[in-house]
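Please keep the sequence and the 3D view at hand while reading.

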Amino acid sequence: MRIAMVSEHASPLAALGGADAGGQNVHVASLAAALVRRGHDVVVHTRRDSGALPDRMRTEDGYDVVHVPAGPPGELPKDELLPHMAEFGRVLLADWQERRPDVVHSHFWMSGLASVLAARRSRVPIVHTYHALGTVKQRHQGADDTSPSQRTAVERLVGHEADVIAATCEDEVHELLAMGLRRDRITVVPCGVDPELFDVAGPAAERSDRQRIVSVGRLLPRKGFADLIAALPLVPDAELVIAGGSADLSADPEARRLTAIAESLGVSGRVRLIGQVARADMPALLRSADVVACVPWYEPFGIVPLEAMACGVPVVASAVGGLTDTVVNGVTGVLTPPRDPRALGRALRTLLADPSRRMAYGIAGRDRVEARYTWDQVAARTELIYGALVNGLRATTRMAVAR
């Protein structure tokens, strides 16, 4: 099949850890690569955010990346991209009229809008993955939510126009139904992990003699790093390593805020913010941990817990969103209430004091990844959705022609 992926702000080529570069970038890159391995022709359309980028380039994994001219050719926060989506859609339409894909898979709500605008005229079927929902973000962030005011309405439009919605977890299904979307158009396709890159075997990053808690993600308040720091007084002698953020942490407001919190609680000597970590170095960092903590206020899916489980490391996670699908409480890790540093501290202290339980959770986590969360398994499931959709539309077209 010829597969067009649309990911307007999350380029598969972007460095991870910045304000708008995280799990979606990994998802798009990894799914595209896995679909290529299954024999498909995959093109990823993402917005041109630099004048130095080529119009089109072939990646080492065999898929192409097309840099779409939509808005100024420079970096823009994703919340400022909506006015450029009509232009993005026009470029997609021209491209698809020249070489029509069999199916489009849009990622995030603005990609969905651009794809719907283009597909209405090119008659290409659409699979859509939201990655995050505006209704959930607004519920948890309130006045701090910087999303455009049109987001929720556009998400509903995309949900009604797309042929299939690929939700990443069961919790998202309930949110989509509450938005008024049809259940028969929704299916669950989780994110995945590369079990060869993230493996039990391999080197571990250097560490001190202290027990180590590792947490990874963009430095945003909703990621719960402040809750981890607040829990640290209840976990004596353990160090907390936080990976993520801008290249210059001294200029990062959230990094400064977290540092101030650590100082106020007297744990600054046990908290290390190490900034962005290259993808190739992430497995070694995770393997260096006694526990990986992922404690956001909300989380559409969360790839880091899967990566830790693949490395055989137990996970402590918030009982929110997709984390309740991937982390099995008492089997692969521990689920705690979100935004509860006291409960988090107790869970970390108990697990760090029990090496046998940590080993058992690590073994079970690796088994769970191999059973259902490799990218090849995710790609196979996604391929079935594409195939059923394309073949179903072709059958409908043949019937219409026959009449």
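This is a predicted model: local features need pLDDT of at least 70, side-chain atom pairs count only at pLDDT 80 or more; totals for chains, interfaces and linings use all residues.

## Helix 3

Helix 3 runs over residues 109-122 and has 14 residues. From its first C-alpha to its last it reaches 20 Å, close to the 20 Å expected at 1.5 Å a residue. Just after helix 3 comes R123, which takes a positive phi of about 55°.

Eleven of the 14 residues in helix 3 are buried, so the helix counts as mostly covered, with buried meaning under 20% relative accessible area. The buried residues are W109, M110, S111, G112, L113, A114, S115, V116, A118, A119 and S122. Their cover includes three strands, namely strand 1 (2-6), strand 5 (103-107) and strand 6 (126-129). It also includes helix 2 (85-98) and helix 5.

## Residue E155

E155 sits in helix 5, which spans residues 151-161. Is E155 buried or exposed? E155 counts as buried because its relative accessibility is 0%.

Leaving aside neighbours within four places in sequence, E155 is in contact with W109, Y130, A132, L133, G134, T135 and M179. One of these contacts, W109, is also among the buried residues of helix 3.

## The annotated span

An unreviewed UniProt entry lists residues 206-367 as "domain: Glycosyl transferase family". In the model, residues 206-367 are 38% helix and 18% strand. The end C-alpha atoms of that span lie 26 Å apart.

Conventions:
Residues are numbered from 1 along each chain as its sequence is written. Side-chain values use heavy atoms; hydrogens and water are left out. Helices (H or I, at least four residues) and strands (E, at least two) are DSSP runs, numbered from the N terminus. Buried means under 20% relative accessible area, exposed over 50%, partly exposed in between (1.4 Å probe, protein chains only). Contact means heavy atoms within 4.5 Å. UniProt positions are given in the numbering used here, feature names are shortened, and annotations may be inferred rather than shown by experiment. The expected span of a helix is 1.5 Å times one less than its number of residues.
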